[in-house]
Amino acid sequence: MSSSLPGWKELPMGGVAFRPSTDIKTGEWRLGFRPVVKEEKCVGCAMCVVLCPDMAMGLGEEGKAQVNYDYCKGCGICARECPYGAIEMVPE
Amino acid sequence: MLHEGVRTCSGCGASLIAKLVLKAARKPVVVVSATGCLEVATSILPYTSWKVPWIHNAFENAAATASGVEAAYKALAKKGLIKEVPDIVVLAGDGGTYDIGFQSLSGALERGHDFLYVLYDNEAYMNTGIQRSGGTPRYAWTTTCPAGEVLKGKLEAKKPIALIVAEHRIPYVATASPSEPHDLIRKVRRGLEVEGPAFLHVICPCPRGWRFDPSLSVEVARLAVKTCFFPLWECRWEDDDMVLELTGPSKLIAEVPELKLPVEAYLAIQGRFAHLFRPKRMEPLIRQIQADVDANWKLLLRRAGMA
Ligand SMILES: Cc1ncc(C[n+]2csc(CCOP(=O)(O)OP(=O)(O)O)c2C)c(N)n1
Ligand code: SF4
Ligand code: SF4
């Protein structure tokens, strides 16, 4: 190989994504329904937190499920999987 | 370990699996992603959803990249520049694993690099619009094996990728499902702990390509397990012998066979199999799928010494 070509240490870096995707409010994608937690039924088992594909479910200060509507896409997995029936999909 | 704002479809199994895998990690991890839905949806420039060091390579070479990453960290450790080699995890789809990435995977397994390869199997090339792969099951509809008057979806059976990988005699191979998150997390940890390559095959429901309501993603995975369409097991090698054990609900089904549901329960809730039920029921095809499932299950029972 010609010695005029750059070695690997001189090569430029590949594309570097540097901004966190939190700028993207995927909550805007919801198609008419959103999950609402019935706090009196929620025991804080966190099954919904584990199974939400969008990191949009957490436990609030009271240890109850809390939805982050900025990112919740309204898939309804949490409502279907909650063992206590504590999450309801309601029209918005 | 993943930022919010991931641009997978609503109810996507891939982002759920990635989240669970990262949750399981206890040491610093470096992730390598093959091209595919998960990679695209987490890294649209300039944005990234990864809170851990992450590399995207081409479609076909995730395992080769992971090999290089491992070698590089080992070299740094040898020179005393780092104290500890991080855990290295590959996340790749079925196209990137069964098909185009298989040669680089097989090579990396043979060389014995220390990494965990997680296959999220949504059973088609989803990111480019639902084309068939070696992981697409028999009679499933995709855009390249359509269902019409003559053809009824894919004619060939699903390649037994996890057993093929197990025959490389690597330290740890397992299957997992997002419907059993504790089992999945335990297997990720086991895969990371062993010295040398580990492989985790995870069933990955895709509401878009499998044609079901997004709220059903976890339920579809659960039915895949309950029907033995996708049994859960783990395997290691001891004294040149494959030691395979069924886990979770699959172990229970092996002990109490009446618990095994007919595969129809799994097929009927997915639009990609709708042509088997409408406009008229295709009994011989449904029976063929059941026969495939039963044969694979019997083979596993034998390997697990439970037949
Ligand atoms: C060599 C090469 N061929 C084709 C493509 C186009 N391509 C990008 S993603 C993709 C499908 C990925 O399928 P899979 O690995 O199953 O992951 P999924 O998208 O289903 O998550 C294809 C064909 C590519 N990037 N590189
Ligand atoms: S509806 Fe879906 S995205 Fe929204 S919190 Fe529930 S599981 Fe998460
Ligand atoms: S096409 Fe399927 S795998 Fe891809 S982002 Fe959508 S749901 Fe996920």
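I began with ligand 2, whose shell residues divide into six nonpolar, two polar and two charged. The model I was reading is a predicted one, and I kept that in mind for every entry below. I listed the residues that surround ligand 2 as A:P35, A:C52, A:D54, A:M57, A:C72, A:K73, A:G74, A:C75, A:G76 and A:C78. I then looked up where the ligand is placed, and found that ligand 2 sits in the largest cavity.

Next I turned to ligand 3, around which I found B:T8, B:C9, B:C12, B:C37, B:N122, B:M126, B:C206, B:P207 and B:R208. When I sorted this shell by residue class, the shell of ligand 3 came out as six nonpolar, two polar and one charged.

**Aromatic pairs**

I then looked at B:F229 and B:Y266, whose pair is tilted, with the ring centres 4.5 Å apart and 35 degrees between the planes. I noted that B:F229 lies in the loop between α9 (217-226) and β8 (233-238) of chain B, while B:Y266 belongs to helix α11 (residues 264-267) of chain B, so this pair ties together parts that are 37 residues apart in sequence. On looking up their accessibility, I recorded both B:F229 and B:Y266 as buried.

**Charges over rings**

**Backbone entries**

I went on to the peptide bonds and noted that the one from B:L45 to B:P46 is cis, with omega near 0 degrees. I placed B:P46 in the loop between α2 (37-42) and β2 (47-48) of chain B. The peptide bond from B:R278 to B:P279 is likewise cis, with omega near 0 degrees, and I found B:P279 in the loop between α11 and α12 (283-303) of chain B.

I also looked up positive phi values in residues other than glycine, and B:E123 has one, with phi near 60 degrees. This residue, B:E123, lies in the loop between β5 (116-121) and α6 (161-166) of chain B. Is B:E123 buried or exposed? I recorded B:E123 as buried, because its relative accessibility is 1%.

My last entry concerns B:C228, which has a positive phi of about 65 degrees although it is not a glycine. I located B:C228 in the loop between α9 and β8 of chain B, the loop in which I had already placed B:F229. For B:C228 I noted a relative accessibility of 1%, which means that B:C228 counts as buried.

Notes. Residues numbered from 1 in each chain as written. Chains lettered and ligands numbered in written order. Predicted model: local features only at pLDDT ≥ 70, side-chain atom pairs only at ≥ 80, totals over all residues. Heavy atoms only, no water. Near = heavy atom within 4 Å. 1 Å grid on protein atoms, 1.4 Å probe; cavity = no way out; pocket = protein on both sides within 12 Å on 5 of 7 lines; lining within 4 Å. Sits in = over half its atoms within 2 Å of the grid points. Nonpolar A, V, L, I, M, F, W, Y, C, P; charged D, E, K, R; others polar. Phe/Tyr/Trp six-rings, centres within 6.5 Å; stacked < 30°, edge-to-face > 60°. Helix = DSSP H or I, 4+ residues; strand = E, 2+ residues; numbered from the N terminus. Buried < 20%, exposed > 50% of the residue type's maximum accessible area, 1.4 Å probe, protein only.
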